[in-house]
Each structure stands twice: as C-alpha cells, then as structure tokens.
Amino acid sequence: MSKEKYVAYVSTYTMGIDSKTGIKIYDVDMKNGRFQEKGEVEITNSSYVTTSHNRKFLYSITDTGVESFQILPDGNLQKLNKASINGMRGCYLSTDYEDKLLFVAGYHDGKVTVLRLKEDGRVGKITDEIYHKGLGSIAERNFRPHINCVKMTRDNRFLLAADLGMDHVNVYQVDHEKGKLKLVDMIRSEQESAPRHLKITKDGKYVYIVHELKNYVDVYTYECKNGNPNFEKIQSISTLNDYHAGGSAASALNFSADFKHLVSSNAGDNSVVVYDINQKTGLLTKNFCLPISGDYPKDAALFPDCKHLVSLNHESDTMTFFNVDLKEGLLVMNGKEMRIDKPNCIIFHKLTEGV
C-alpha cells in the first residue's frame, strides 16, 4: 500500500466566502495519515463531486449546473466543459457504470436530471428531467420533495433516488440508449426519517440507506427478478450511541476501500460511526461511534489503508484527522486540524502508476 499514491478531492461551498476555489486537491500522506495541499480549482459552490468509474474524469456540482474535469496523471484537474441542468443548483451527482450518463439530484427543486456523457468526458445534453411530486410530512422541509442522492444499482439497471422530503427512495428503470427514466418501484422509509444517502455493496446484493432525521441505516437485499427490482429490508441500525446529543442529523455514507466497513457521521452529536460489514449477509455491526473534534461533520472517510480517518467539519471550517484501530474500535486524534472553508464531500483517488 505504501507505494501507491493517492490524492484527495474536497468539495466546498463558496457562498459568502472570499475564496472562489470550490475544489481543493491534496496529496495524501498515507504513512502519517495527513493531507498536504496540492492545488485548487476555481468553481462556485462545489457541493458534491464524483469520479467516473473509469477513473479518468471528475464531475462537480456548480451554481449553473455541472462541470467536468479531466484527472491528470499527477491528480490535478483540467477543466473540460460545463453544462446546465435547467433548474436550481443540484446537491449530488453520479454516473452509470458505463460512464455514459450523468445523474444529478435536485434538493431545492425536487428534480432528477439525466445528461449524456461523451467519451472524452465532457457533459452533453439533457436527456430526461423528472420532478418528484407529493407532500412531505415535515413543515421545515416545505412539504415538498427534496432529492438528496441518486445512484445506480451495480447491475446498471435501476437508478435509486433518495427523497428526504418525501421519506422514500424512487426506483427508476434506465433506458440507456435514450437516457430516459421510468418509475418502477418505491422503497418506503419511516415517516419523518429523511433518507439522505445510499450505498450499494460491490457485489450489488445489499443497499444501505442512511436517514438524516432519525439517525439510522436501513439495510436491504437487492435482486433483479424477471427484469423487476426486488428489495427486502433485513436490518435497521442506529448511527448514534445510546447516549448522544439531541437534535442530531446523520450525514453521508462512505465505504472503506476494501468494502469491509461503512462510515457515516452525525451533526449535532458531532461524531463519526464506523460499521463492520458482514461479507456474507450484508448486515452491519457497529465498530465505534466517537467524537470528531469539529462542528457539523458533513462527510467522513477512512483512508485507503483503513488506518486513518478524516472528518469534514462544515460549521467549524476544519478537517480533523485520526489514527484508527478497527480491531480495537479506537479513534485517536492525529495532529492539529486543517482549515478549510465549508467542506462538504471528499473522494480519495488512486494515481496511475509511475507518477
């Protein structure tokens, strides 16, 4: 692992901040579990970033839609193009497993936008726009849809769209040729639970959905039967300890690089939770839930070696670093915090050989 080199991409908000650089690039010091500043990209309110499955391109949310970048051999980013999503700023984006379509989740306008991707990584035209409809149950969320995550099943058949305003995940069949979506199923969550993010195991058999307001992860089995998606809930597990701060909100989900652990974080409680994943059953066991020494952790991730962890603390404008012992369930702060304005999302990217 020591010979492998990684960079980390961190997306940030730029509203009300003098800085216009919404994406920060860091060299990852795997041995010491720290970051070193490498570069930055000028972009407005890069609230979320994703990399293509072929690891050649990075896509980012921005105020005017989405922007695409080529990932250079040293990990720096070269801008390719930008495209409108014909709506309000998105909050999440992902590609299908062939890197031919880009999906954007709209929190503010409750819309899923589908865009064509070109072979050179550029974003093409919009192929579909789906507005979620209905009335939610939480007044603070304006009684309307808020799509917070869009992700394909691993067999590349269905798009899952988590709607935390409506407390369910819409399941769309994807027509890859036309880039069109067709609603075929719905995974219903508990009322006022707010499904926020979802992840799917590498073998495609299990789906994890984290709920922002009720602070738990639901585990579902997934299989495709006769062309139809089939989901069955097998577990609900809290993101918190029995003793915790009131008014906590669960944040994003991240797998460890080896897919043996799942990470989430809790704002309010200001903690990170790491689960062990049973490789046969998909069930989760809580390894630890411990403080992150910052305010409002929007995202947290294990380093690729699973020996260190970083927390992105949105309200304290910091990243905090920790040494991790997953066998003992220990999290120990590693050095001082790093300043960064309004961090929101992190991706570790392995560099190509010979860099």
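These are my notebook entries on a few spots I looked up in this structure.

**Ground rules.** I'm working with a predicted model, where local features need pLDDT of at least 70, side-chain atom pairs count only at pLDDT 80 or more, and totals for chains, interfaces and linings use all residues. Residues are numbered from 1 along each chain as its sequence is written, and side-chain values use heavy atoms, with hydrogens and water left out.

**The sheet.** I looked up β20, β21, β22 and β23 and found an open, antiparallel sheet in that order. Strands here are DSSP runs of E, at least two residues, numbered from the N terminus. β20 (249-255) and β23 (284-291) each have a single partner strand, so one side of each lacks a neighbour in the sheet. On average, neighbouring strands are turned by 20° against each other, direction ignored; the axes are lines fitted to C-alpha atoms.

I then checked β21 (261-267) against β22 (271-277): they pair over six bridges, antiparallel. Pairing takes at least two DSSP bridges between two strands. I noted that S265 has V272 in β22 as its bridge partner.

**The loop.** I found E119 between β10 (111-117) and β11 (123-131). E119 is exposed at 84% relative accessible area (exposed is over 50%, buried under 20%, partly exposed in between, with a 1.4 Å probe and protein chains only).

**Cysteines.** I counted zero disulfides, meaning pairs of cysteine sulfur atoms within 2.5 Å. C289 is buried at 6%, and its closest cysteine sulfur, in C306, is 18 Å away, too far for a bond. C224 is partly exposed at 27%.

Conventions. Helices (H or I, at least four residues) and strands (E, at least two) are DSSP runs, numbered from the N terminus. Axes are lines fitted to C-alpha atoms, for helices over the stretch in contact, and angles run from 0 to 180 degrees between N-to-C directions.
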